[in-house]
Amino acid sequence: MSFSKNFINDIKSVNPKNCLWQLPGAAILAFGLYNVHSFADITEGGVLGLTLLLYHHFGISPSVSSLVMNFICYIFGFIVLGGGFVVYSAVAGLAFSAFYAIFEQFPPVWEGIADHTLLACVAGAVFVGVGVGICVRFGGAPGGDDALSMGLAKLLKKVDIRWIYLISDLAVLALSLTYIPVRKIAYSLLTVVISGQIIGFFQKSPKKQTENQSAKV
């Protein structure tokens, strides 16, 4: 079957309801990243962590950097994996950028959360886990991590996708040491672990989507 026919079939298989479910997931994620992570020096791995890194060093809004990086990841994912997963993920990614751009027009909801690192760590993990988890539950992801990691896992074959996620997260956390103290990086590592477990809970629900619609575990 030709590339064009495959693309058309992927588009035809897209469920509008699943696209709509990407919106609340992306909103929850953007709300948590803006109101918790960016003010409490708690970071994430992967693309999410890179957006915060760029924000702190260069002042580039995550609403812009996430859009660019996710687009690159989605193109890679589309080439390797096909269009179905990427369509849902693109909707989630665009929604995340839009919601973050809206939220950053307002002052933070919890101005003092930076003084309670453990609380920020857990709260941030819940927002990320639930937000991404909802998107994953309905076939997409607001970050390009899933498309990138799944594509690499398919190409590398013998490498478990969980190791690809873990390596990318650890690499970003290591880079984040340039602006976040070691103690808070430890909290960030805890955030990554908790959020990953929450995402896994959504992914493993009885009505789980197909294997091609996976995320962090």
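## Ground rules

Residues are numbered from 1 along each chain as its sequence is written, and side-chain values use heavy atoms, with hydrogens and water left out. Since this is a predicted model, local features need pLDDT of at least 70 and side-chain atom pairs count only at pLDDT 80 or more, while totals for chains, interfaces and linings use all residues.

## Overall fold

The protein chain has 9 helices and 0 strands. Helices here are DSSP runs of H or I with at least four residues, strands are runs of E with at least two, and both are numbered from the N terminus. Going along the sequence, the pattern reads α-α-α-α-α-α-α-α-α.

Of the 217 residues in the protein chain, 50% are buried. Buried means under 20% relative accessible area, exposed means over 50%, and partly exposed is in between, with a 1.4 Å probe and protein chains only. As for contacts (heavy atoms within 4.5 Å), take those between residues at least 6 apart in sequence: 78% of them join residues at least 24 apart.

Two packed helices are described by the angle between their axes and the distance between the axes. The axes are lines fitted to C-alpha atoms, for helices over the stretch in contact, and the angles run from 0 to 180 degrees between N-to-C directions. Angles under 35 degrees count as roughly parallel, over 145 as roughly antiparallel, 65 to 115 as roughly perpendicular, and the rest as oblique. For handedness, a crossing is left-handed if the near helix is turned anticlockwise from the far one by less than a right angle, and right-handed if clockwise. One more bit of bookkeeping covers residue classes: Ala, Val, Leu, Ile, Met, Phe, Trp, Tyr, Cys and Pro are nonpolar, Asp, Glu, Lys and Arg are charged, and the others, Gly among them, are polar.

## α2 with α3

Helix α2 (residues 16-40) and helix α3 (residues 46-58) have axes that come within 12 Å and cross at roughly 45°, which means α2 is oblique to α3. This α2 and α3 crossing is right-handed. On the α2 side the contact uses L29, L33, H37 and S38, and these meet L48, L52 and H56 of α3. By class, that gives 4 nonpolar, 3 polar and no charged residues.

## α2 with α5

For α2 and α5, the axes come within 8 Å and cross at roughly 40°, so α2 is oblique to α5. The crossing of α2 and α5 is right-handed. The α2 residues involved include C19, L23, A27, F31 and Y34, and the α5 residues include Y88, F96, F99 and F103. Sorted by class, the contact of α2 with α5 has 17 nonpolar, 3 polar and no charged residues.

## α2 with α6

With helix α6 (residues 117-137), α2 packs at an angle of about 160°, the axes being 7 Å apart; that makes α2 roughly antiparallel to α6. The crossing of α2 and α6 is left-handed. Among the residues that meet are W21, G25, G32 and H37 in α2, and G124, F127, G131 and C135 in α6.

## Single residues

Y34 sits in helix α2 and is buried, with a relative accessible area of 8%. Leaving aside neighbours within four places in sequence, Y34 is in contact with F39, Y100, F103, E104, F106, P107 and P108. Y34 and F106 are 72 residues apart in sequence, yet their C-alpha atoms are 10.0 Å apart in space.

N70 belongs to helix α4 (residues 62-81) and is buried at a relative accessible area of 3%. Not counting residues up to four places away in sequence, N70 touches V47, G93, P142, G143 and G144. V87, in helix α5 (residues 83-103), is partly exposed at 22% relative accessible area.

## Cysteines

A disulfide is a covalent bond between the sulfur atoms of two cysteines. Counting pairs of cysteine sulfur atoms within 2.5 Å as disulfides, the total comes to 0. C19 is buried, with a relative accessible area of 15%, and C135 is buried too, at 0%.
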